[in-house]
Amino acid sequence: MLNLGVLSFLISLTVIFISQRYFIKKNIFDTVNYRSSHDALATRNGGLSVFTTIVIITLYLYYNSNELFDFSLIIPLSILFTIGLYDDIYQVDFKLKFIFQIIIAKILIDQGILIENLNGFFGLYEIPYMISQLLSIFLIVLIINAVNFSDGIDGLAITEVIKGLIFIIILLQDYTFDSLNLLLLITICSVLPLYFFNFKKNNKVFLGDSGSLLLGGIISVGVIYLVNTIDSSSFNLSTPWIILVCLLYPIIDLIQVAFVRIFKGVSPFVADRLHIHHLLLNRGFSHLKTLLIISGVTGIIQVLVILLFTN
C-alpha cells in the first residue's frame, strides 16, 4: 500500500505539471470576479491530476489481475469528473449539474452503495429499501455539494477531504475493508501535491469543479461504507452523527449558506461570498490563517468525538 501511495503522489505531481502547461497554452484560466478570493493567474486542473492518477493505477491493477478495490466505481466517478471538467472550461448551469448528481447517485446505489442502517437514529436501525434509496441519493448529493461549496480558498477543500478520508480509514481499521482503504489512500496521496500549487503566488492550480465533484463522490462512497460497516457497539453514534464527524465543516458551511440564501429569497446554488471562510477573509485573515482556524477547530472537535464515542 505504501508503494502505491508514493506512486500516486508522483503520478499526480507529474500530471499537474503537464496539464498546467496545456491549460496555460490554451489560455484556460480560472475566472477572476467579485466572488474570487484571489487575483493571481490560476488553472483548474487539480481534479484532472487526481482523476488521472486513480485511472492509471486502476488500469495497472487491472492489467496485473489484481482487483484491490471495486473497479466499477470508476464509471460514476468518471461521469462526475467529466461534468466538473466541462464546467471548469465552458461553465454549466447548476440545474444540469444537480440532475447529473442525482443520476450518478442512482448509479452508485445500483452498484450497492446505499445506506442500509441508521445505527439507532430515532431508534431506527435497518430501513426499507425504497427509503434507503431516497436517503442515499440525498446524502450523496449533499456530500458532493458540501465539498464543492468548501472549495473557496487555498487548501481548504483538500484539507477537509483528507481529514474525512483519514477518519473513515481510522474508524474502519478493525474491519476487513482493505479494498476501500486502498482507494482512499490513493486519493489522499494524489491530492497532497495540490498544497504546493494552491499556495503558490503565481500560476496557482485549483481543484476546480472536476476535482471537488470527484472528491465529493469518493468521500460519499467512503461514508456510506462506513455507516453500513461500523458496529454500534464499537462507535456509539447514529448514522447522521457519523456523517457529520467525517465532514464537519463542509456540511455545517453548506447548511448555513443554504439557509441564508433561502432567507434572502435566492437559490441555494447561486454562488456568493456568504461562506464561513469568506467571512473570515473579510475580517482580514489570510488564506493560510483561515485554513488553520477552520480545519484546526473542526479537526479538534472531530478527534474529540471519535475519542469520546469509540468504545
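This is a predicted model: local features need pLDDT of at least 70, side-chain atom pairs count only at pLDDT 80 or more; totals for chains, interfaces and linings use all residues.
Begin by selecting Phe138, Leu139, Leu142, Ile251 and Leu254, which lie nearest the centre of the second largest pocket among the 22 residues that line it. The space in this pocket comes to about 550 Å³. Which element gives the most to the lining? That is α5, with eight residues. If you then colour the lining by residue type, you will find 20 nonpolar residues and two polar ones, but no charged residue.

**Helix α6**

Next, select residues 156-171, which form helix α6. With 16 residues at 1.5 Å a residue, this helix should span 22 Å, and because its end C-alpha atoms are 23 Å apart, the model agrees with that expectation. Is α6 mostly covered or mostly uncovered? The helix is mostly covered, as 13 of its 16 residues are buried.

**Threonine 290**

Finally, move to helix α13 (residues 287-309) and select threonine 290, which has its place there. Threonine 290 has a relative accessible area of 0%, and it therefore counts as buried, a word used for values under 20%. When you show its side chain, look for a polar atom that lies 2.8 Å from the backbone oxygen of serine 286. Then display Ile153, His277, Leu280, Leu281 and Phe285, which threonine 290 touches when residues up to four places away in sequence are not counted.

Definitions and conventions. Residues are numbered from 1 along each chain as its sequence is written. Side-chain values use heavy atoms; hydrogens and water are left out. On a 1 Å grid over the protein atoms alone, a cavity is a set of points where a 1.4 Å probe fits but cannot get out, and a pocket is an open set with protein on both sides within 12 Å along at least five of seven lines; lining residues have an atom within 4 Å of a point. Grid points are joined across faces, edges and corners, and a volume is the space filled by probe spheres set on the points. Helices (H or I, at least four residues) and strands (E, at least two) are DSSP runs, numbered from the N terminus. Ala, Val, Leu, Ile, Met, Phe, Trp, Tyr, Cys and Pro count as nonpolar, Asp, Glu, Lys and Arg as charged, and the others, Gly among them, as polar. The expected span of a helix is 1.5 Å times one less than its number of residues. Buried means under 20% relative accessible area, exposed over 50%, partly exposed in between (1.4 Å probe, protein chains only). A polar contact is a pair of N or O atoms within 3.5 Å; within protein, one must be able to donate a hydrogen and the other to accept it, and residues adjacent in sequence count only if both atoms are side-chain atoms. Contact means heavy atoms within 4.5 Å.
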